[in-house]
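Hi everyone, thanks for coming along. Let me put the structure up, and then I'll walk you through a few spots in it.

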Amino acid sequence: MNTSTASNSDQQVPDSLDPLAGEVLAMLRQHDPEAADIMAGEAQRQASTLELIASENHVSPVVMHAVGTWLTNKYAEGYPGKRYYGGCEWHDQIEDLARERAKSLFGCGFANVQPHCGANANIAAFMALIKPGDTVLSLPIKSGGHLSHGLKPNFSGTFYNIVEYDLDPETERLDFDEIARIARECKPDLIICGFSAYSRIIDFAAFRAIADEVGAYLLADIAHIAGLVAAGVHPSPFPHAHVVTTTTHKTLRGPRGGLALSDDPEIAKLIDRKVFPGSQGGPLMHVIGAKAVAFGEALKPGFRTYQEQVVRNAATLAGALVEKGYRLCSGGTENHLMLVDLRPRDAELTGSDAQDWLEHAGIIVNKNGIPNDPRPPMVTSGLRLGTPALTTRGLCEAEMHTVADWLDEVMSSGGDAATCSRVRSEIAEFCRSFPLPH
Ligand SMILES: *Cc1c(COP(=O)(O)O)cnc(C)c1O
C-alpha cells in the first residue's frame, strides 16, 4: 500500500510537471534533498492515482506557484488602507484585487479574503452574528453537516447552544416543514445551511423564510459548492443569506483557504472585526495573492464549462454505480458529489475497508457515514465520492464508466491483493493520458 520509500530517484517525478515546478524541484534537490524527495513523492502520488475525495482538487500551476511569492514575507495585520505595519503598498493592492474579484464572482457587496480556512471563516461569522450561549440550528456532522456547525469538541459546540435538524429518513433530503417546526420550538438566533456530504440542490430561499419567521440570522456555508455557485451551476445563496462562508480550495479550485461574504454593510464591518483582530493575527498574504489569481481563473468562461462537466461527471458516475447494485443516498446527485451506501451491494462491506482497498488500487476516496448509519464513524457503511479533481484532469462521461468499473472490481474483490495491484498499474497507465494541470 505504501508507495514512497524511494529516495532521490528521478522515477518518482511525474513527467508532466509544469516547467517551473521542475525547476523548483531541481532547486530543492540541491538545497534539501530530503524535503525534495517527499514533495516529489506527493507529486507522483497525485499524478498516478485517481482523486475522488469530493473536497479536493488540483489547482493550476499558476495558482500553485502564486502561493510561493514574496508576499509570504510580510506582516499586513489590518485591512487595505488601515494596516498596523509599514510597507503594505503592494499588499493593499493584492488584497483589494482579491476582494473585488470575490465580490464579482459571488455577486455581493463585501468580501473578507483573510480567513485561513473555512472553519476560521465560520468562527468569524458566529462571532459577528451571535453571542456565546445563543442558539444555533444546524445539521449534525453525522447527517452531512460540518464539525464547525456545532460538533461538541469544536468551538461551535463548546460556546453555543446547538440544536439539530435532520434529513427526512425516507427521502434523505432536507425537510423544510420539519426544520420550520424545530425552529419555531427552539427559536434559534442563527440557522446554518450548507453541508459537507449533501448531494442535492440547497433551497436558500426556503431557509431564509424560516429564519425570518423566527427572527434568526441565516449563514450559508458553501464550502463544497462554491465553484458551482460561482459558475451559476448551483443557485446563489445571495440575496437570502446574511453571511456566506466558504473554502477556496474545494470546487472553487484555489489555494487552501477561507472566505467570508455578505451584502450588508453593517454585518460586513462586524465580519472584518471578527476575522481580525477577533480570531486571527497576520493574514497569509501569499495565499491571498493566490486567491486573487484563482478568482481571476474562476471569472473566465472556461470555469463554467468545467463546473458543468463536474456535475455531468457526477451524474454519470452515480448512474454507473447504481447499475452495479450500489445505493445512492437521496437516490442520486445534483451537484459534484454522491454518498454511496455500500450495503445493498454487499452487506458485509464497510466504508473503512473499501477506502483501504481502493487506496491500494490507486483510487483515493473517503469513508463516510450515511444517514442513520448503524456503524460507528471510524467504520461507516458508505463512501463519499466527488468528481471535481478528476474533471480538472480532463476525464469526461466515458471515463466515469471506467472509473465505476474499477471501483466495483476492487470493492467486490474483498481486498484481494492481486486485484488491487493489477488495478493500480492499470490506473497508473491510464493517468498518463490525463496528466495533472501543467
Ligand atoms: C470543508 C468544509 C469547511 C471547512 O473547511 P476547512 O478549510 O477545512 O476549515 C467548512 N464547512 C463545510 C460545509 C465544509 O465542507
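So, where does T333 lie? T333 is in the loop between strand 11 (327-328) and strand 12 (337-341); helices (H or I, at least four residues) and strands (E, at least two) are DSSP runs, numbered from the N terminus. Before I go on, this is a predicted model, where local features need pLDDT of at least 70, side-chain atom pairs count only at pLDDT 80 or more, and totals for chains, interfaces and linings use all residues. Residues are numbered from 1 along each chain as its sequence is written, and side-chain values use heavy atoms, with hydrogens and water left out.

Back to T333: its relative accessibility is 15%, so T333 counts as buried (under 20% relative accessible area, with exposed over 50% and partly exposed in between; 1.4 Å probe, protein chains only). The T333 side chain reaches the backbone oxygen of L337 at 2.6 Å, and a polar atom of that side chain lies 3.1 Å from the backbone nitrogen of N335. Leaving out residues up to four places away in sequence, T333 touches S199, R200, A314, A315, A318 and M338, contact being heavy atoms within 4.5 Å.

Now over to another loop. A216 lies between helix 8 (204-214) and strand 8 (217-221). A216 counts as buried too, at 6% relative accessibility. Setting aside neighbours within four places in sequence, its contacts are P188, D189, L190, I191, A211 and H242. From A216 to H401 it is 45 Å, C-alpha to C-alpha, and 185 residues in sequence.

Key:
Polar contact = N/O pair within 3.5 Å; in protein donor to acceptor, adjacent residues only side chain to side chain.
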